[in-house]
Amino acid sequence: MSILSPNPTGDLVWQAAWRSSVFRWKFIIGLICTLALLFTFPVFFQTIERHTGPVLNDWVLNQLPPRDVSLWIFLIIWATALLLLIRARFSPAVFMMFVYGYIVVSLSRMLSINLFPLNPPIGLIPLIDPLSNAFYGKTYITKDLFYSGHTSSIFLMFLCLRRWWDRLFAFVGSLLVGALLLVQHVHYTIDVLGAFVFTYPLYWLGKRIALSGWNNVSEPVDQKASPN
């Protein structure tokens with residue numbers, strides 16, 4: 001069975017993957033890089049908050065009176081993240097694709113935010129996300145704009161998930177999060193659209209890095225277990 005296929009025998013699947021030295025090294029390197037990013041984020045975001053750029057005349061935002069929809073954004077993103085975590089329990093491939101996809105997307109965002117500094121949209125309402133905001137530092141960040149991290153994160157989850165209903169849930173969630181970010185005036189329209197455009201090819205790059213060298217490892221199947 002392909003390592004991308006969901007499988008109920010989680011312990012056996014991970015044990016089989018762990019027998020690959022390539023997988024072990026990529027697992028360790030992926031976690032180290034992710035932790036390094038998370039520790040770097042507060043300094044990076046506090047630095048870019050001192051940058052200045054133009055305020056865009058966004059036709060879509062001009063049609064939307066700003067409203068605080070933080071709770072819905074938080075619930076959709078972290079419900080999808082929980083689903084991804086549950087699926088990763090039964091598929092090392094899903095876990096590794098997300099980890100390396102997240103690393104590549106995060107580095108891309110850090111570059112694009114520096115290259116295209118923008119001042120925040122008029123009417124911005126601070127986004128309350130106690131989990132994500134913990135990595136931004138003490139000051140609320142308003143200039144991590146192009147492209148949207150919240151949209152790219154949930155869209156990356158959609159790309160990593162394997163089951164049809166999981167992917168439908170995450171894809172609809174991606175569209176909702178992108179729309180709600182505009183309702184709250186947290187991002188410009190180009191930030192949200194850019195998240196979809198950039199995340200898709202970066203996912204494939206992360207997937208290639210994550211799976212190369214150990215994708216011949218197959219996940220054992222428990223014939224007595226339910227396929228769900």
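Buried means under 20% relative accessible area, exposed over 50%, and partly exposed in between, with a 1.4 Å probe and protein chains only. Leucine 176, in helix H7, counts as partly exposed at 42% relative accessibility. The model is predicted: local features need pLDDT of at least 70, side-chain atom pairs count only at pLDDT 80 or more, and totals for chains, interfaces and linings use all residues. Residues are numbered from 1 along each chain as its sequence is written, and side-chain values use heavy atoms, with hydrogens and water left out.

The protein holds 8 helices and 0 strands. Its elements run α-α-α-α-α-α-α-α from the N terminus on. Helices (H or I, at least four residues) and strands (E, at least two) are DSSP runs, numbered from the N terminus. Of the 228 residues, 49% are buried.

The largest pocket holds about 800 Å³ of space. A pocket is an open set of points on a 1 Å grid over the protein atoms alone, where a 1.4 Å probe fits, with protein on both sides within 12 Å along at least five of seven lines. Lining residues have an atom within 4 Å of a point. Grid points are joined across faces, edges and corners, and the volume is the space filled by probe spheres set on the points. The lining of the largest pocket comprises 29 residues. Trp78, Phe98, Tyr102, Ser153 and Met157 lie nearest the pocket centre. Helices H2 (21–48), H4 (70–88), H5 (92–115) and H6 (149–160) each give two or more residues to this lining. H5 gives the most, with 9 residues. By class, the lining has 21 nonpolar, 7 polar and 1 charged residues. Here Ala, Val, Leu, Ile, Met, Phe, Trp, Tyr, Cys and Pro count as nonpolar, Asp, Glu, Lys and Arg as charged, and the others, Gly among them, as polar.

The structure holds 2 salt bridges. A salt bridge is a side-chain nitrogen of Lys or Arg within 4 Å of a carboxyl oxygen of Asp or Glu. One joins the side chains of arginine 87 and aspartate 166 at 2.6 Å, N to O. This pair links distant parts of the chain, with arginine 87 in helix H4 and aspartate 166 in helix H7, 79 residues apart. Aspartate 166 is buried, because its relative accessibility is 7%. Another salt bridge joins aspartate 144 and arginine 109 at 3.8 Å, N to O. Aspartate 144 lies in the loop between H5 and H6, arginine 109 in helix H5, 35 residues apart. Both aspartate 144 and arginine 109 are buried.

Phenylalanine 45 sits in helix H2. Its relative accessible area is 3%, so phenylalanine 45 is buried. Phenylalanine 45 and methionine 110 are 65 residues apart in sequence, yet 8.9 Å apart in space, C-alpha to C-alpha.

Two backbone features follow. Most residues other than glycine have a negative phi, and most peptide bonds are trans. A cis peptide bond joins phenylalanine 146 and tyrosine 147, with omega about 10 degrees. Tyrosine 147 is in the loop between H5 and H6. Histidine 185 has a positive phi, near 60 degrees. Histidine 185 lies in the loop between helix H7 (164–183) and helix H8 (189–211). At 5% relative accessibility, histidine 185 is buried.
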